[in-house]
Amino acid sequence: MTATEPQAETDERPIGFGRLLRKEDPRLIRGMGNFVDDIQLPGMLHLAILRSPMAHARIVSIDKSAAEAHPKVVAVITGEDLAAQGLAWMPTLSNDVQAVLATDKVRFQHQEVAFVVAEDRYSARDALELIIVDYEWIDPVIDVRKAMDADTPVIRDDLDDKTDNHIFDWETGDAAETEAIFASADVVVSEEIIYPRVHPAPMETCGCVADVERVSGQLTLWSTTQAPHAHRTVYALVAGLPEHKIRVIAPDIGGGFGNKVPIYPGYVCAIVASLVIGKPVKWMEDRTENLVSTGFARDYVMQGEIAATKEGKILAVRTNVLADHGAFNGVAAPVKYPAGFFGVFTGSYDLEAAYCKMQAVYTNKAPGGVAYACSFRITEAVYLVERIVDCLAYELDMDPAELRLKNFIQPDQFPYETKTGWVYDSGDYEPAMRKAMEMAGYDELRREQAEKREKGELMGIGLAFFTEAVGAGPRKDMDILGLGMADGCELRIHPTGKAVVRLSVKTQGQGHETTFAQIVAEEIGIPPEDIEVIHGDTDNTPFGLGTYGSRSTPVSGAAAALVTRKVRDKAQIIASGMLEVSVADLEWNKGSFSVKGDPEKSVTIQDIAMKAHGAGDLPDGIEGGLEAQICYNPENLTYPFGAYICVVDIDPGTAVVKVRRFIAVDDCGTQINPMIIEGQVHGGLADGVGMAMMEMISFDEDGNCLGGSLMDYLIPTALETPDWETGHTVTPSPHHPIGAKGIGESATVGSPPAVVNAIVDALKPYGIRHADMPLTPSRVWETMQGNHTPPI
Amino acid sequence: MQVPAPFEYERANNVAEAIALRERLGPEARFIAGGHSLLPMMKLRLANPEYLIDINDCEELFYISEDGGEIRIGAMTRHRELLESELLAEHFPIFRDAEEVIADPVVRNRGTLGGSLCQADPSEDLSAVCTTLDASCVIKSTSGERVVSMHDFHVGPYETAVGDAEMLTEIRIPLKANGGSAYEKVERRAGDWAVVSSGAAVWFDGDTIAEGRVGLAAVGPNTTSIDPVSEALRGATPSEDLYQQVGEIAAANCSPQDDQRGSAAYKTHLAMELTKRALRRAVARANGQEA
């Protein structure tokens, strides 16, 4: 491994790692990006979807005649029409099925019932109002705690022999061992901890343009997808289209956060429409459709328990989880991991035992359970353990920082196998924690808090320490719908020494065009501006599973480094011919090979590139050209970690919470571009403040979604977020070629418990040990009155 | 992109033309001012007017002036002008308090005072401000004009006294000596509607309060002034006990509901707490103790 420390922060144009302005920004900040809704094709038609007003109802009849008579309407398609083609249902990412258009009944409010294709977007939308659907009400199942009660309506009566709303039971860890420790522990703390349903809410909603070319049968699909290759294969399997006739293009994507991992009915509808009509068809969700129908995240009711000695040595963690998966199980997770990577709920602590039991159920709510910036349910896991550790600190009357420091996995224990079977690759937790405390002025903050408490003022200091598991596979353990989680990369060096690198992953804003150019630059010494990054087009990039779960750098980043080394190895052989020495006599100086002991005799990578394509012979057995392709199968996940500290002030009269400071120390191993890392952290921290304090998709008892606009589903603004104070430590991954671990989701995972812990800490004078998100002023006030009620 | 149902569009050059259009097009026509409430409702198809009459060219409706012992504000005066007006800030600092917490700069650049009052949202801030200041509204039609108090202007949630062929053209606020005013709002997030807000205004006669008013938003069908509050303040001497007493009266005279913004109990508490705070600041300002 060649771990490379970040370049000096003043180095503005590094050839390799370091701060570098993003290559994609000039076009994006000038409004010259090219998003799906910017795609205009000759003769393109527009598709709009009719959605169910009810959460649970039988479809008695659909009358589409008036809509069909609309002068600008080309087609009106119902579930019955799709069923005739065998296309009314499609597989979800979790081997369930989901209705493309409802045939028998609707199972959540805003479920897709029919679609209209018209000459323009307005007419398509107008015609929806001309479709008359007769529904027969069925009592909806909204309260997840009652989903398994006897006599509850069965939501999924489409499935053979289904007699209840059960999806799966899952467990991890050792129940008996854990029970034995709990039975004899000095201190046991138990708390119900809820992670409510939230929505990724990307700025760009989901949509696509489908264009089936009638003569060749070629389908080109411009789509808001985080995983173009995986989607292509799924379309081939679902629609029976030959895969070589499908090209999926993900142009600029305006944020994904997991929302653009699943395949939604709208995409399939657009493909079917183009296939049937023979013209390009655009479908673009509006904001409400995105919020109410596409993949939500979280929705876990977790009973958390922690056992410890009275001195504060944590012995075991146990949890019982009730998971609301909505009407169809659309969780995005590797097949063998129905609860994603929730198994890392043991956190950053050296435990003697751990056990989790989970039950997942159907309810009449939108399907999903996507990896919303959570690395497959790690957000829930980290929230659980970091909240319950704080509950323990409360019971022991111990400083939460001291309690964490006392229980960390120690550096010499890595690689560390947790009690739930995860092998943490590397970690050095205490320095990160100490650094965050130093940046925060932790002791001074505690002194200030004590003084304020004397005066009746409410100030809270919240800590969270997280360990993430990112970068899925390896493929032997991890696949999605049978597709192994490994990723390809291809590098070509042109004769003049400029390069093109092709990735299987796809940026939705993370800065791949810059980061991946820097990885290649670091390995081969070509400046990043001379390296073009191609991604998001299945015809022009190698196969791979896409960008989510912070896997781009851990998986594709490794692929990019290794493919570059492969090219460099070939370059070395060519250089040996050019310099007339043996390969072993050459040494690499980022960008050129020179003869050992005679540095004057050297050739640059650009010289070599021209030689590789030029006239004259190459060394024996070497083909012309300078390019390579690989597929990288990760050996293990990578385990980034971080220490977060949040400081809040609460107005005792109004219960309004002000986040005063937020300190984030992240360790994502080797840093490629510290500026991009900070940007990723800033975004995730804002996300965390939003979830902790205002975001929740809620429903009334009839199953009406109450979060259908950004006036109802609040996301934070700059005014709710403080100036972020970021720092880092660097503990490289031992198995990753450049030691990088992934950063995309760390802040979203780590920040909600820090904010909640701070708010609960501020309320300590009221005897408060726990309060559930979202901690709106009203919820904080109810908590202060002793009237805390769970949000679900 | 959310798209509205089909509608026809007319643009009025002046008030007379606007009223004539409204009279001709009937009840299915709506004036559009800043459009920051109406357009979102149309995009969600909660409002489906057949005609929109754009009144953004009615230049005679853009003004803030002092005239005949009143401040007069044209109905098309935008939030930003209300925020930045030194004349308003001098006489009624409550306006600037409120404008600083209304929506965001983009909305404030377009949204108008008249549009805000005519939307008649129970959570709307300027309605609470105008209620607090005992403003009156000038409503014009082809047959002349009438002036109604804020109390009579709002007749229910999203309902006003403005008839189908009428137009709100001006808001008048009486100028009285030795006054102070303030506005307090709790919102879940910057730019959100109020969970509860409270405006307070007091006018002194020597050391005692000659007149005092409180206007609350988001705690009932309309923003309301509270008569028992005014009675309690009349002739009173400011004190923390008085603020507490008035806060309790405010809380007892509102009827909030549970919703996503907060529980009814919390809102009732806020009605008390925010009334206390607004009153305290209004008194301080009347006494020249706060800018």
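Helices (H or I, at least four residues) and strands (E, at least two) are DSSP runs, numbered from the N terminus. This is a predicted model: local features need pLDDT of at least 70, side-chain atom pairs count only at pLDDT 80 or more, and totals for chains, interfaces and linings use all residues. Residues are numbered from 1 along each chain as its sequence is written, chains are lettered from A and ligands numbered from 1 in the order in which they are written, and side-chain values use heavy atoms, with hydrogens and water left out.

**View 1. The loop that holds Val581(A).** Val581(A) sits in the loop between H14 and strand E26 (586-589) of chain A. Leaving aside residues up to four places away in sequence, Val581(A) touches Ser576(A), Leu586(A) and Val595(A). Contact here means heavy atoms within 4.5 Å. Pro737(A) is 156 residues from Val581(A) along the chain, and their C-alpha atoms are separated by 28 Å.

**View 2. Helices H13(A) and H14(A).** Two packed helices are described by the angle between their axes and the distance between the axes. Axes are lines fitted to C-alpha atoms, for helices over the stretch in contact; angles run from 0 to 180 degrees between N-to-C directions. H13 (residues 512-524) and H14 (residues 552-579) of chain A have axes that come within 9 Å and cross at roughly 35 degrees. The contact residues comprise 7 nonpolar, 5 polar and 3 charged. Ala, Val, Leu, Ile, Met, Phe, Trp, Tyr, Cys and Pro count as nonpolar, Asp, Glu, Lys and Arg as charged, and the others, Gly among them, as polar.

**View 3. Helices H16(A) and H17(A).** The axes of H16 (residues 674-693) and H17 (residues 746-762) of chain A come within 7 Å and cross at roughly 45 degrees. H16(A) and H17(A) are therefore oblique to each other (under 35 degrees is roughly parallel, over 145 roughly antiparallel, 65 to 115 roughly perpendicular and the rest oblique). H16(A) passes H17(A) with right-handed geometry. Val681(A), Gly684(A) and Asp687(A) are among the H16(A) residues in the contact, and H17(A) brings residues including Ser751(A), Pro752(A) and Ile759(A). By class, the contact of H16(A) with H17(A) has 11 nonpolar, 4 polar and 1 charged.

View 4. Most residues other than glycine have a negative phi, and most peptide bonds are trans. Cis peptide bonds join Ala472(A) to Gly473(A), with omega about 10 degrees, and Gly473(A) to Pro474(A), with omega about 25 degrees. Gly473(A) is in the loop between strand E20 (458-467) and strand E21 (479-480). Ala201(A), a residue other than glycine, has a positive phi near 45 degrees. Ala201(A) lies in the loop between strand E10 (187-198) and strand E11 (207-212).

**View 5. Where chain A meets chain B.** In this interface, 31 residues of chain A are in contact with 26 residues of chain B. About 2300 Å² is buried between the chains, and carbon and sulfur atoms give 54% of this area. Buried area is the accessible area (1.4 Å probe) that two parts lose on being put together, summed over both. Thr654(A), Leu714(A) and Trp781(A) supply 20% of what chain A buries against chain B, more than any other three residues.

Technical notes
Left-handed = near helix turned anticlockwise from the far one by under 90°.
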